[in-house]
Amino acid sequence: MQRINAANITIINKSRTLLSHYTERLNIFNQVIINKTKTILYNRQTNLVSLLNQLLSKPLIITSSKQKDLINLTSNLKVFTGKFITRQGNYLNAFTTMVKLMSPKNILRKGFAIVSQKGKILKDSASIIPGGELLVTMEEYEINTKVLTKNKKDGKSDL
């Protein structure tokens with residue numbers, strides 16, 4: 001029986017030692033798990049805060065950048081529109097001047113005449129026949145005339 005008691009005491013002591021050893025190891029592992037979990041949670045929280053900051057700042061940065069782009073585009077549009085309108089105004093003035101120079105009134109003022117027959121302006125002499133009536137419009141007068149003759153020019157005249 002003494003051997004049984006000794007074995008029992010040995011088993012109890014060994015069991016206590018093992019339990020104490022494994023309890024200590026469990027406590028160490030528990031502490032490691034708690035520390036690692038805290039580190040992981042802290043890192044995740046830091047990442048979330050960083051992401052939140054990006055989410056808050058990026059739209060402001062993008063909006064500011066796009067607003068500057070819009071201001072630049074608006075400014076360019078004003079400048080180029082002004083230049084375009086000025087250029088078109090210059091073209092219009094040039095065409096207006098050309099129309100004034102080519103106007104019948106201005107041409108008549110230079111000493112030219114407009115010859116018409118039966119209400120139509122003659123552009124060439126093919127339809128003019130001797131004996132036909134013509135209307136010659138000058139700056140101050142209209143002259144009704146009759147064609148006496150029609151002679152072909154030789155091209156050597158100095159008009």
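Colleague: I would like to learn how to read a sheet, and I am starting with β1 and β2; in which sense do these strands pair, and over how many bridges?

Modeller: The general idea is that strands of a sheet are joined through hydrogen bonds of the backbone, and the pairing is either parallel or antiparallel. In this structure, which is a predicted model, β1 and β2 pair in the antiparallel sense over two bridges. To follow the pairing residue by residue, look at Ser116, whose bridge partner in β2 is Ile121.

Colleague: With which other strand does β1 (residues 114-117) pair, and over how many bridges?

Modeller: Strand β1 also pairs with β3, which covers residues 133-137, and this antiparallel pairing runs over three bridges.

Colleague: What do β3 and β4 form, and how many residues lie between them?

Modeller: They form a hairpin, with four residues between the two strands. The pairing of β3 with β4 (residues 142-146) is antiparallel and extends over five bridges, and within it Glu133 has Lys146 of β4 as its bridge partner.

Colleague: In what order do the four strands stand in the sheet?

Modeller: The order is β2-β1-β3-β4, in an open sheet with antiparallel pairing. Because β2 (120-121) and β4 stand at the edges and have a single partner strand each, one side of each lacks a neighbour in the sheet.

Colleague: Moving from the sheet to the whole chain, which elements does it contain, and in what order do they run from the N terminus?

Modeller: The chain has two helices and four strands, and reading from the N terminus the elements follow the order α-α-β-β-β-β. Its radius of gyration is 55 Å, well over the 15 Å that the globule rule gives for 159 residues, so the chain is more spread out than a compact globule.

Colleague: What share of the residues is buried, if buried means under 20% relative accessible area?

Modeller: Buried residues make up 7% of the 159 residues in the chain. As for the surface, the chain exposes about 14900 Å², of which carbon and sulfur atoms supply 62%.

Colleague: How many positive and how many negative side chains does the chain have, and how far apart do the centres of the two sets lie?

Modeller: There are 25 positive and 9 negative side chains, and the centres of these two sets lie 31 Å apart.

Terms used:
Residues numbered from 1 in each chain as written. Predicted model: local features only at pLDDT ≥ 70, side-chain atom pairs only at ≥ 80, totals over all residues. Heavy atoms only, no water. Rg over C-alpha atoms; globule rule 2.2 N^0.38 Å. Buried < 20%, exposed > 50% of the residue type's maximum accessible area, 1.4 Å probe, protein only. Areas by Shrake-Rupley, 256 points an atom, 1.4 Å probe, with all protein chains shown as cover. Lys, Arg positive; Asp, Glu negative; His and termini not counted. Charge placed at Lys NZ, Arg CZ, Asp CG, Glu CD. Pairing = 2+ DSSP bridges.
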